[in-house]
Amino acid sequence: MSPAIIQSRPDLAAIAAWVPQGSSVLDLGCGDGSLLRYLRETRAVRGYGVEIAAANIAACIANGVNVIQNDLDHGLADFESASFDCVILSQTLQATRHTETLMNEIVRVGREGIISFPNFGYWKNRLQIINGHMPVSRQLPYQWYDTPNVHLCTLNDFELLCDHLHIRILGRHVMNERGDVNLLPNLRGSVAVYRFKREA
């Protein structure tokens, strides 16, 4: 993963920082496999990607990434419980139809999960709604009529879901185009990254 990619997707840098050296990783919705390739080269990670788009499957193979073609909305039944140290879902949660099921599957298959998603509660999104329009931004680049996003949420919404599913949040990293956000993150953060596990 080049510095340019990290700069354009700071959530990937935050995700990578939470992945232990030498761990086993399952990257759901892995795209072209850039994150897994980076983790393999910098953290000696072993793992697989799961992707549905044929073009991305070909890109993963070109990147030397082990990839399985599968629709995340069909679940992770092919994977045994606790078969990975870490399961990653970056910028894909909002496009899944069965969010609760997928969250439960992440903490079943992985000892820990790491997720990043665009924060619908970001103040610029709220301002666009006040002005009568669905938000369009770098994190939410689609118009309302062609968006793959079906379940947008705020930081507070995601944390309530984790509580409902008995999932314990281990860490949270919130950022916007200027960098890390600590003050009023649900209002000032455009992207969030969470690390979590099933409650014992």
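**Exercise 1.** In this predicted model, find out which parts of the chain are linked by the pair Glu-112 and Arg-195.

*Solution.* Start with the side chains: Glu-112 and Arg-195 meet in a salt bridge, at 2.7 Å from N to O. Glu-112 sits in strand E5 (residues 110–118) and Arg-195 in strand E8 (residues 191–198), so the pair, 83 residues apart, ties together distant parts of the chain. Last, check the cover: Arg-195 has a relative accessible area of 22% and is partly exposed.

**Exercise 2.** Work out how far apart Arg-37 and Glu-41 are in helix H3.

*Solution.* Their side chains form a salt bridge, 3.0 Å from N to O. Now look at helix H3 (residues 34–43): the two are four residues apart there, which means about one helical turn between them. As for cover, Arg-37 is partly exposed at 34% relative accessibility, and Glu-41 is partly exposed too, at 49%.

**Exercise 3.** Locate the salt bridge partners Glu-177 and Lys-124.

*Solution.* Here the N to O distance is 3.1 Å. Glu-177 lies in the loop between strand E6 (167–176) and E7, while Lys-124 belongs to helix H6, 53 residues away. Both count as partly exposed: Glu-177 at 46%, Lys-124 at 35%.

**Exercise 4.** Find the helix that gives the largest share of the nonpolar patch.

*Solution.* First list the members: Trp-123, Leu-127, Ile-130, Leu-183, Leu-184 and Leu-187, with about 620 Å² of accessible area together. Then sort them by element: helix H6 (residues 123–130) supplies three residues, the largest share. Leu-184, by contrast, is in the loop between strand E7 (179–180) and helix H8 (185–188).

Key: Residues numbered from 1 in each chain as written. Predicted model: local features only at pLDDT ≥ 70, side-chain atom pairs only at ≥ 80, totals over all residues. Heavy atoms only, no water. Patch = residues over 30% accessible without salt bridge, like charges linked within 9 Å, V, L, I, M, F, W, Y side chains within 5 Å. Areas by Shrake-Rupley, 256 points an atom, 1.4 Å probe, with all protein chains shown as cover. Salt bridge = Lys/Arg side-chain N within 4 Å of Asp/Glu carboxyl O. Buried < 20%, exposed > 50% of the residue type's maximum accessible area, 1.4 Å probe, protein only.
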